[in-house]
Each structure stands twice: as structure tokens, then as C-alpha cells.
Amino acid sequence: MSKKRLSIVDIANNLNISKTTVSFILNGRAKEKRISADMVEKVLKYVKEVGYKPNSLAKSLRTGKSNTIGLIVEDISNPFFGSIARLIEDKAYKNGYKIIYCSTYNDTQKTKDMISMFRDRHVDGYIIAPPEGVEEDITSLINESMPVVLFDRYLSTIDTDYVVVNNQFSAYNATQYLVGQGYKNIALITFANDQTQMVDRIKGYKMALKEHNFKEIIKELPFSEDLTESITAFLKSRKGIDAILFGTNRDATYGIKIMHNLGIRIPDDIAIISFDDSDAFELHSPQITTVAQPVEDMAEHIITILLDKLNNNGVGTKNQSVVLHTDLVVRGSSQKTKK
Ligand code: RIB
């Protein structure tokens, strides 16, 4: 049978003082309430002796604040989301907040359940990379003056704060670079969904090819667990491809493995660029050219906007749409070698 957790009432009864006095002392308000140093010492000595741990849920019910932030990402094991989550956690902690995070895997119902769980946990604010279909849930959070910051993608039908990169120009620029290297049959392998960042990357790729009257070669993948079959079939069927832009780090990782298995040489047979930089792409031989997203800058903007909302109780501050620039990090995987 677990030992009953001591409450503030128990402490007050055991020391024969008021619950209010104990509460003021434990919440650092003794001086403000002119409580004597002896009384403070008596209470603090006792709570240390009995190993009292504040009940954070009871505190959040009483004060309406839990000093926690709900972070909802697509997949925490993905290097992009993992690195941005760690940066957000560091910055939140430095400002007195703890992060509770979870992954949606782009599953609408799971995302709804996560938002509901965070409501029950009385989180003070939300940072969300939303899948499709959660507009209603996010709108209701905002209508309750709950601070919400979207990142990586936004929801075009809702006025929220969001932090993204210039996805369309980034994909356009990467494709233009491949054209400049002399490639003429450039494919885009990406994910099939209506998320704004993925839609904009396809737009950027198409815009670049249109300027040169090059044929679009697009493979849109399902967000399924294993992409091996889809990418293998595509690569086997499109013999004329001389370069590939991968829309995310996830399909690029699969693509590189499959190209090795099929004996396709990078860049001699097919040059590649991946959206999203990562240590693994730098360690590969040849190193992979990437569209590097500014994760440090993104995390800084996200947490700054959210803290501003939290400190102003979510009112008065105008919603911000932050669009950051990426860097095309040119490495060996995209450079035309002399044949
Ligand atoms: O899987 C991570 C990728 O998908 C990144 O490009 C990020 O922008 C997300 O959309």
C-alpha cells in the first residue's frame, strides 16, 4: 500500500498552524505576508524531515498554472524534430517551464487524444507541428486564450502564431542548383500530404523546372512505416533520372540505402540533395548536399513567442508568422563529376 502523500493541511494540523501560513511559506510568500523567520524555519525544517513533495497537480488546480508546456511533434525520433525538441526544452527550462512531448506520426485522432491529455495535465501552453484535421481542436484552445505556437507547418484556415522556413524558395533554389550543375532529368521524391511545408516544396521544385521547360518527375510517398518498396520500384522504373531532390530527411535516408542496394553510384549515376541536414549526411561518403533548416533559430523564435504569450496571459500580443531562411549546404553528393 503506497504511503499517503502529505498535504499542506496535514502539515498545518501537525504543526498546529494555519494552512494559509504553510501555503504562503511553501510558495515563497512569507516575507510578503510578514511571517516570522522562526515560523518559516519551523515549517521548512518539518517538511524536510517528513520529505514533503508538493502535489503539482493540486498546485496547478489551485493556481491555474502547471509550469509545463505541451510539445507535439510528428516523430521525436526524427533528427529534425529531435534536435528542435531538445533546443526548445533547454530554452523552456531556463525560463522555469518543463516540456511534456509526444509524437503524432501524422495521425489525426492520436493528435486529438494528445491535446486532450495535455488539457487534463493543465499545460500552460502548446507548441505543435500539426497533421491535417486538427483545426477544430486548435481553434478551441485559442478560443480559451491558451497560448499556441505552430511550427514546421501552419494551418491556413486558422490565425495562429507560427514559425516555418521558406519551403518553396528552398526547394526552388536546390532544384535550380541541380540544373546549374548540368542535370536535366531531376526527380522529386517526397511525401503525399496537404501539409503546407510539403505542398510548398513541391511548388518550388515545379517552379524551377518550369523555367527550363524540364519534365517534372515526382514520386509522392505515403507516410507509411517502410518506404523501401515504393522507392525501390520508382528507382527501377525511371532509368533516365540523373538527379533527385528528396523532400525530407526521412525519404532521403531510405533513398540512399536503396541506391546503394541497387548499385546506383552517388553522384556519378544519380546526384542527390536532401531537405534537412544531419550528422549522418555529413558522415556519408560522398557527403550529402542538404537544405539545412535553422533549428536553433526556429527553437529560439518558438519559445520566445510562447513565453511572451504566457507572460501576458495570452492576450494582447498580435500573432506572428515567422518565416526563416534555409542554407543550401553543398557537398559531394550533388557535384557533377567529370566523366
Ligand atoms: O521528417 C522531417 C521533415 O519533415 C522536415 O523536413 C520537416 O520540415 C518536416 O516537415
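Colleague: In which helix is Glu-282 found?

Modeller: Glu-282 is found in helix 12, residues 279–283. A helix here is a DSSP run of H or I with at least four residues, a strand is a run of E with at least two, and both are numbered from the N terminus. This is a predicted model, where local features need pLDDT of at least 70, side-chain atom pairs count only at pLDDT 80 or more, and totals for chains, interfaces and linings use all residues. Residues are numbered from 1 along each chain as its sequence is written, and side-chain values use heavy atoms, with hydrogens and water left out.

Colleague: Why is Glu-282 called partly exposed?

Modeller: Its relative accessible area is 38%. Buried means under 20%, exposed over 50%, and partly exposed lies in between (1.4 Å probe, protein chains only). Glu-282 therefore counts as partly exposed.

Colleague: What is Glu-282 in contact with, leaving aside its neighbours within four places in sequence?

Modeller: Gln-287 and Arg-331. Contact means heavy atoms within 4.5 Å. As for Leu-227, 55 residues away along the chain, its C-alpha atom is 22 Å from that of Glu-282.

Colleague: Which residues of helix 2 are buried?

Modeller: Thr-21, Val-22, Ser-23, Phe-24 and Ile-25, within residues 19–26. They pack against helix 1 (8–15) and helix 3 (37–50). Just after helix 2, Gly-28 has a positive phi of about 70 degrees.

Colleague: What makes strand 5 and strand 11 a pair?

Modeller: DSSP must find at least two bridges between two strands. Strand 5 (residues 161–165) and strand 11 share four, in the parallel sense. Val-163 stands opposite Val-322 of strand 11.

Colleague: Which residues form the two faces of strand 11?

Modeller: Strand 11 covers residues 321–324. Val-322 and Leu-324 make the covered face, while Ser-321 and Val-323 make the uncovered one.

Colleague: Now the whole chain. How many helices and strands does the protein chain have?

Modeller: There are 13 helices and twelve strands. The radius of gyration is 26 Å, well over the 20 Å that the globule rule gives for 339 residues, so the chain is more spread out than a compact globule. That radius is taken over C-alpha atoms, and the rule is 2.2 Å times the number of residues to the power 0.38. The C-alpha trace spans about 90 × 40 × 30 Å along its principal axes.

Colleague: What share of the residues is buried?

Modeller: Buried residues make up 48% of the 339.
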